[in-house]
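Hi,

Here is the structure I said I would pass on. Have a look at it first, and then read my notes below.

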2 protein chains.
Amino acid sequence: MTLTEIGQRAKEASFALGKLSADEKKRGLYAAAEALLACQADILAANESDIEAAKKKGMPAGFVDRLLLTPDRIAGIVEGMHQVAALEDPVGEVLSMKKRPNGLLIGQMRVPMGVIGIIYEARPNVTADAFALCFKAGNAAVLRGGSDALLSNQAITKALRSGLETAGIPADAVQLLADTSRETAREFMRLNGYLDVLIPRGGAGLIKTVVENSTVPVIETGTGNCHIYVDESADFAMALDILFNAKTQRIGVCNACESVLVHEKIAKDFLPLMKKRLDEKQVEVRADAYARAVVGEFSEASEEDWGKEYLDYILSCKVVASVDEAITHINRYNTGHSETIVTKDYTSAQRFLNEVDAAAVYVNASTRFTDGFEFGFGAEIGISTQKLHARGPMGLLALTSTKYIIYGDGQIRG
Amino acid sequence: MTLTEIGQRAKEASFALGKLSADEKKRGLYAAAEALLACQADILAANESDIEAAKKKGMPAGFVDRLLLTPDRIAGIVEGMHQVAALEDPVGEVLSMKKRPNGLLIGQMRVPMGVIGIIYEARPNVTADAFALCFKAGNAAVLRGGSDALLSNQAITKALRSGLETAGIPADAVQLLADTSRETAREFMRLNGYLDVLIPRGGAGLIKTVVENSTVPVIETGTGNCHIYVDESADFAMALDILFNAKTQRIGVCNACESVLVHEKIAKDFLPLMKKRLDEKQVEVRADAYARAVVGEFSEASEEDWGKEYLDYILSCKVVASVDEAITHINRYNTGHSETIVTKDYTSAQRFLNEVDAAAVYVNASTRFTDGFEFGFGAEIGISTQKLHARGPMGLLALTSTKYIIYGDGQIRG
């Protein structure tokens, strides 16, 4: 099938999905989840072939682990689909409806996006997960997964499609690109007229490729160079707990802390305590001259360190003279993800909240909370670091659009 | 100045603008408008040079007219800036704030986009207009106008900047690209990291160029292939008034009607009346075989006509067997702008509202109302035909983003 044919099928399906009631969609999701379980043997067999091939190619253990499916993991995927099915349906709500002086009644109705393209890496769980979220919001999904997961993804998609058909829903609600070449991916990114939005899910390289090559509107999900600023008035125990949590609780995620800023008035007292606490996990601290004058064991930070997302047991550290300097530094080097101030001071807290430019700005809490589940959305398709359309953790609402509906009784424009 | 330098200055300015109070911004806009009046002689002189050059190049009369500034037109621009100044400030509102089970208080604050790029044609009024809207929403604007209006745009920008400075606001809140080459425009469209969004204002060609070349997120403002569907149950007088208004009140605009669909049960009675009414303005009707069998004078529509935005006294016309066929036809050929059903039937009205995929869907009113002022926004930066971020007429809200603000008391993630 050509990409245009896939696009046409997706568009056709999206019109049908847009008409489904919340109950019909819920039944569809349950049927798709049930089919996933029914096809478990086929899916595991396909996954075994993918795993074998990946091992033969010498892919790293972490890669192979992310590629691996087990009965437990499939049960987890199914459980996730059930959770999405149970969420409130976002479609059809009329957000506001007001009468204009000429009698026109104008409201804004929440509607599906239409067709959503997802480009992701060799993680077969994303296949079912992304489909479920797109579908719940009334969208057709066209998926382009990593080539190393192709057989697994095909088996999963086949199961999902058969489940949908059982429920009387067009199978083209989910399609998977069988051609995982780069050329086709680039063509896919230019499928304007069929794709309403494209969401890349994966590492910085993947996201950059999509942003640079796509003519379809993209939601950039992003890298996180997240800061914690320890203010002059901070409670030290709280600051240490928050920093330790944000840096070490899970190092490979975008909402982990990568840089700490410390007010100079407390640097001499705080930095040695910080060193001691971070030593528990052997965190390397790359610091400016001021901090290194306090703690000699800190290594030297280069200019490059301030902009770095380490995703490792490494933390950059800078001493600042004021909350202003902290805000300026953060707005210069951050990636617009998550930023925290630890403070007891009202004015510092409010200024930080108002002036830091990021998707999520915290007072006295770990940056690790930036997450659709932690925010109470019940789901997450990614964390947007752009300012257009959706910013921060994206739940179902981010997968919808609106349209104006207007009730008239013959109005014409004068 | 290089584009990167311009971008850096804009970003710097945007941080300052983000901190301004609503009152400070209002005073800034008044000062900029006052400066425009004070510099009127310079602006008119610069415009005269642009006009002369355009005439020498043999540009069409319509082009020259859009380029022309007069004292009256400048007064109109100033009046428009005053109106924008008087609008409610969108920045700082917290849209919802809820407590999570762990005690985190999470809200969503409306914030400026940051830096907005505007690419437009040789219409100097857009320079002041786009600046005013971007500024009111707290954004720095970088403008790239058509080369034929460069001297006018430079004189206007100079005046605006001097007015801002008088009010103690960074002049870099508005910058104009002095280099209007295509190469620089393309570089401008790839200024990620400095531009948060790019809005093209102009014809289909300009918009296409921006969508295809930009790596910065774009809001596509669009062309309108708008339909009016005259249902079986329509009030004929109302249908004729609405169609006549939508087709002929102003032909060159994106919310004008380009195609009429007529239910077959009324075609024999309605089409001759429609012909008579449209003859008042010599509208050419390009029709399908059914309609031509009723009115022999209609010319023949080709497949191409169904997708055409004429912007002229031309209308395509098709007879359909049902509201379903009307919806399917519209969803296939429309550009996602504005669509109207004329009907007395409840079910047809609701189905049309729910199932037609467009930015604005009307029952019994002219498509000409799709407009920021008519919708009560008090301003308009354009009409979005994409589904991401903003759809339909865009007022100040479309020029803002949000950020999550989170109040904690030491929460860490378990």
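**How the copies meet**

The interface residues of chain A are also interface residues in chain B, 100% of them, so the two copies meet through the same surface. Contact here means heavy atoms within 4.5 Å.

Before I go on, the housekeeping: this is a predicted model, in which local features need pLDDT of at least 70 and side-chain atom pairs count only at pLDDT 80 or more, while totals for chains, interfaces and linings use all residues. Residues are numbered from 1 along each chain as its sequence is written, chains are lettered from A and ligands numbered from 1 in the order in which they are written, and side-chain values use heavy atoms, with hydrogens and water left out.

**Chain A as a whole**

Chain A has 14 helices and 16 strands; these are DSSP runs numbered from the N terminus, with helices being H or I of at least four residues and strands E of at least two. Its radius of gyration is 24 Å, close to the 22 Å that the globule rule gives for 414 residues, so chain A is as compact as a globular protein of that length. (The radius is taken over C-alpha atoms, and the rule is 2.2 Å times the number of residues to the power 0.38.) Along the principal axes, the C-alpha atoms of chain A fill a box of roughly 70 × 70 × 35 Å.

Of the 414 residues in chain A, 58% are buried. The cut-offs are under 20% relative accessible area for buried, over 50% for exposed and partly exposed in between, with a 1.4 Å probe and protein chains only. Among the contacts in chain A with a separation of 6 or more, 72% are between residues 24 or more positions apart.

Thr340(B) lies in strand 12 (residues 338-342) of chain B and is buried, at a relative accessible area of 0%. Leaving out residues up to four places away in sequence, Thr340(B) touches several others, including His227(B), Ile228(B), Tyr229(B), Phe352(B) and Tyr362(B).

What about a loop residue? Leu399(B) is in the loop between strand 15 (392-394) and strand 16 (400-411) of chain B, yet Leu399(B) is buried too, with a relative accessible area of 1%. Neighbours within four places aside, the contacts of Leu399(B) include Pro112(B), Met113(B), Leu133(B), Cys134(B) and Ile381(B).

**Positive phi in two loops**

Which residues might you check for backbone angles? Gln282(A), not a glycine, has a positive phi near 50°. Gln282(A) sits in the loop between helix 11 (264-279) and strand 9 (284-287) of chain A and counts as exposed at 64% relative accessibility.

Leu311(B) is another residue other than glycine with a positive phi, near 55°. The loop that holds Leu311(B) runs between strand 10 (299-300) and strand 11 (314-320) of chain B, and at 34% relative accessibility Leu311(B) counts as partly exposed.

Cheers
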